[in-house]
Amino acid sequence: MRVVFGAGSLSSLPAEVTALGLRRVLVLCGPRQEDTAKLIASSLGDRAVGILPEATMHVPAATASRAVEVATALGADGCVAVGGGSSIGLGKAVAKELGLPVVAVPTTYAGSEMTPVWGLTSDGVKRTGRDPRVLPVSVIYDPTLTVSMPAALSVTSGFNAIAHAVEGLYAPDASPIVSLMAEEGARSLVSALPGVVADGSDLTARTAAFHGAWLCGAVLGATTMSLHHKLCHALGGTLGLPHAETHTVVLPHVLAFNAPFAPAAVSALSRAFDTTEPARYLWDLADSLGAPGSLCELGMSFADIDEIADAVVATPYANPRPVTRDIVASLLRAAWEGALTE
C-alpha cells in the first residue's frame with residue numbers, strides 16, 4: 001500500500017484516486033465524520049458517486065450488506081473510508097465482497113487501515129479473518145483531521161493501537177523488524193497522548209500519535225492476535241461494549257497476566273515506557289488521562305462474565321501463557337472491578 005503522511009496531506013486524495021484509476025468512488029463514514037466526508041466528496045467532484053454515513057462499531061453484518069448493496073447499485077469502482085476502525089472496517093467489508101480497492105483516511109488512532117484483518121458482527125458474535133483484498137491500497141494520515149477528536153476518544157483509540165503493539169511483541173509469529181516497529185509505535189503513542197489531552201490542537205503531538213498508530217497498525221497486520229484481542233472481540237461483539245474503551249480497560253490486565261511468559265516483550269515495552277513495570281505504567285497512564293478503568297463503567301454486568309469466558313475459550317487465540325476458562329473469568333472479574341493484579 002501507499003502511505004501519504006503529514007498535516008495537509010488530505011489535499012492529495014484526488015491525486016491518489018486518479019493514480020488508482022478510480023472513476024466512481026463511494027465515500028464511507030460514520031455520522032460523526034459526515035462533514036469531512038462531504039468535503040472529500042466535493043474535492044473528488046463527479047468521481048464521488050455517493051456518501052454512506054452509516055458505519056457503526058463492530059461492523060454489524062446488516063450494515064455491511066447495506067454498504068455492499070449501495071456500492072453495487074451506484075456502480076462504484078472503489079471506496080474512500082474516512083473515520084476510525086468502524087468506517088475503515090465497513091470499507092473492508094465492501095472490499096471483501098466486491099473486491100473494490102479502499103483508500104483509507106483515518107481520523108483516530110485505531111490502526112485498522114494498516115491491516116488485512118476484517119471483522120463482522122452477527123447474532124452477538126464478532127468474527128474476524130484475514131484477506132489481502134481488504135488491505136487498503138492507499139492511506140492518508142492527515143493529523144489536522146484528528147484535531148476535532150475528543151480527548152477521551154484520542155486516549156482510548158491510542159490505547160487500542162498500543163494493544164496491537166503489545167500483542168505483536170509476544171505473538172507466535174513475532175519477528176525482529178516488526179518488534180522494532182511495535183516498540184517504536186508504543187513509545188510514540190505514550191509520549192504523544194499527554195500532549196494531545198493537554199492541547200487538542202497540538203499538531204506536533206497529533207502527528208506523533210499518528211506515527212505511532214501507523215506503526216502499531218502495521219504490527220497487527222503482520223502478526224497473530226492473542227488473548228487481549230480475543231477478549232475485546234467477545235466483549236464488543238456479544239455485549240456491544242465500546243471498542244476503544246474496552247481495549248483500554250482490558251490491556252493492562254492481559255499484559256500483567258502474560259508478562260511472566262513474555263520476557264522479550266516486557267523488555268521492549270520497558271524500554272519504550274522507561275519503566276520496569278509496563279502493565280502498571282499503562283494502567284497509571286490511562287488513569288492520569290481520564291480513561292475508564294473498569295468494564296463496569298462501560299456498561300458490562302457482573303452476570304455477563306460467565307458468558308464472555310465461555311465465548312473466549314470456545315474459539316481461543318494463540319497466547320504465550322496457557323489459558324483456561326477459570327483464568328479468563330478471573331481476568332474479566334478484575335477488569336470489571338477495575339483492580340489490577342500483577
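Select helix H13, residues 325-337. Its 13 residues reach 18 Å from the first C-alpha to the last, close to the 18 Å expected at 1.5 Å a residue. That expected span is 1.5 Å times one less than the number of residues. Helices (H or I, at least four residues) and strands (E, at least two) are DSSP runs, numbered from the N terminus.

A word on the model before moving on. This is a predicted model, in which local features need pLDDT of at least 70 and side-chain atom pairs count only at pLDDT 80 or more, while totals for chains, interfaces and linings use all residues. Residues are numbered from 1 along each chain as its sequence is written, and side-chain values use heavy atoms, with hydrogens and water left out.

**Stop 1: around H13**

Stay on H13 and show its side chains. Val 328, Ala 329, Leu 331, Leu 332, Ala 334 and Ala 335 are buried. Buried means under 20% relative accessible area, exposed over 50%, and partly exposed in between (1.4 Å probe, protein chains only). Step just past the end of H13 to Gly 338, which takes a positive phi of about 80 degrees.

**Stop 2: the cavity**

Rolling a probe the size of a water molecule over the atoms shows where empty space is left. On a 1 Å grid over the protein atoms alone, a cavity is a set of points where a 1.4 Å probe fits but cannot get out; a pocket is an open set with protein on both sides within 12 Å along at least five of seven lines; lining residues have an atom within 4 Å of a point. Grid points are joined across faces, edges and corners, and a volume is the space filled by probe spheres set on the points.

The structure holds one cavity of 30 Å³ or more. The largest cavity has a volume of about 40 Å³. Select Leu 231, Val 250, His 253, Val 254, Leu 331, Leu 332 and Ala 335 to see its lining. H9 and H13 each supply at least two of the lining residues. By class, this lining has six nonpolar residues, one polar and no charged. Here Ala, Val, Leu, Ile, Met, Phe, Trp, Tyr, Cys and Pro count as nonpolar, Asp, Glu, Lys and Arg as charged, and the others, Gly among them, as polar.

**Stop 3: the largest pocket**

Go to Gly 84, Gly 85, Ser 86, Ala 110 and His 243. Of the 37 residues that line the largest pocket, these lie nearest its centre. The pocket holds about 750 Å³ of space. Helix H4 (85-98), strand E6 (117-122), strand E7 (125-130), helix H5 (151-169), H8 and H9 each give at least two residues to the lining. H4 has the largest share, five residues. The lining divides into twelve nonpolar, 21 polar and four charged residues.

**Stop 4: the second largest pocket**

This pocket holds about 190 Å³ of space. Select Val 125, Lys 230, Ala 234, Thr 238 and Ala 311, the closest to its centre of the 13 lining residues. E7, H8 and H12 each give two or more residues to the lining. The largest share, five residues, comes from H8. The classes are five nonpolar, five polar and three charged.

**Stop 5: Thr 146**

Find the loop between strand E8 (138-141) and H5, and pick Thr 146 there. Is Thr 146 buried or exposed? Thr 146 is buried, because its relative accessible area is 0%. Leaving aside neighbours within four places in sequence, Thr 146 is in contact (heavy atoms within 4.5 Å) with Thr 107, Tyr 109, Arg 206 and Phe 210.

**Stop 6: salt bridges**

Side chains of opposite charge can pair when their charged atoms come close. A salt bridge is a side-chain nitrogen of Lys or Arg within 4 Å of a carboxyl oxygen of Asp or Glu. The count comes to nine salt bridges by this rule.

- Lys 96 and Glu 97 pair at 3.5 Å, N to O.
- Asp 131 and Arg 133 pair at 2.9 Å, N to O. Asp 131 is buried at 14% relative accessibility, whereas Arg 133 is partly exposed at 46%.
- Arg 187 and Glu 184 pair at 2.7 Å, N to O. Both lie in helix H6 (residues 176-198), three residues apart, about one turn of the helix. Arg 187 is partly exposed at 26%, and Glu 184 is partly exposed at 29%.

Finish by selecting Glu 183, Glu 184, Arg 187 and Arg 271, which salt bridges with shared partners join into one network.
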